[in-house]
Amino acid sequence: MTEVLSSTDFAAPIDDRWFADYVVGETYEYGKVSVSADEIVAFGRQYDPQRLHTDPDWAATGPFGGLIASGWQTAGLMMRLYCAHYISAVASLASPGVDELRWPAPLRPDEPVRLRTTVVESRVSRSKPDRGIVRTAIEVLTDDDRAVLTGVAMNMVAVRPA
């Protein structure tokens, strides 16, 4: 089970969180999760069959000096934490995408990570005033604050009903 790691969290619980609850400048941290070497290899074999994800012996001599998780697996860890703690369970409508998705450092087996979110923009839709667009800076960080994923997520979030 993951948990809130920042000193504060949203005032509204995830099942009663609406557009107005996403305040620009607010930062929250959640975690921790990790993946084992076996999970990295299984994911790599199915979805990202590069030797640095699927062959521990080869990976030991490769460019990262060992097995690393696929960036897409790291994105999956981010999404698990994002859905469990950050994005509304009742008002999330969809996401048009993630901008500036980067994997600045590799994720190693059994390395715990946490998610840091910062609301960078929150505006009501001009064409559909029953919802807003929330842009969130996302960072997946190791215990030594090394970023293994960064990006800016966009979400459409419903306005609280009258």
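**Reading the fold**

User: What separates the mean positions of the 16 positive and 22 negative charges of the chain?

Analyst: The mean positions of the 16 positive and 22 negative charges are 6 Å apart. Lys and Arg count as positive, Asp and Glu as negative, while His and the chain ends are not counted. Each charge is placed at NZ of Lys, CZ of Arg, CG of Asp or CD of Glu. Two notes on the source. This is a predicted model, where local features need pLDDT of at least 70, side-chain atom pairs count only at pLDDT 80 or more, and totals for chains, interfaces and linings use all residues. Residues are numbered from 1 along each chain as its sequence is written, and side-chain values use heavy atoms, with hydrogens and water left out.

User: How many helices and strands are there, and what makes a run count as one?

Analyst: The chain has four helices and six strands. Both are DSSP runs, numbered from the N terminus: helices are H or I with at least four residues, strands are E with at least two. Along the sequence the pattern reads β-β-α-α-α-α-β-β-β-β.

User: Which bridges tie β6 to β5 and β3?

Analyst: β5 and β6 pair over eleven bridges, in the antiparallel sense. There, T136 stands opposite A153 in β6. β3 and β6 are also antiparallel, over six bridges. D99 has V152 of β6 as its bridge partner. The hairpin of β5 and β6 has four residues between the strands, and D145 there takes a positive phi near 65°.

User: Why is β6 called largely enclosed?

Analyst: Nine of its twelve residues are buried, so β6 is largely enclosed by the rest of the structure. Buried means under 20% relative accessible area, exposed over 50%, partly exposed in between (1.4 Å probe, protein chains only). Across the chain, buried residues make up 44% of the 162 residues.

User: Why is T74 called buried, and what does T74 touch?

Analyst: T74 is in helix α4. Its relative accessibility is 2%, so T74 counts as buried. Contact means heavy atoms within 4.5 Å. Leaving aside neighbours within four places in sequence, T74 contacts A69, W103, L107, V148 and L149.

User: And H85: buried or exposed?

Analyst: H85 is also in α4. At 11% relative accessibility, H85 is buried. Not counting residues up to four places away in sequence, H85 touches T2, E3, V4, I14, R17 and Y30.

User: What share of the contacts joins residues 24 or more positions apart?

Analyst: Such pairs account for 72% of the contacts with a separation of 6 or more.

How values were computed:
Pairing = 2+ DSSP bridges.
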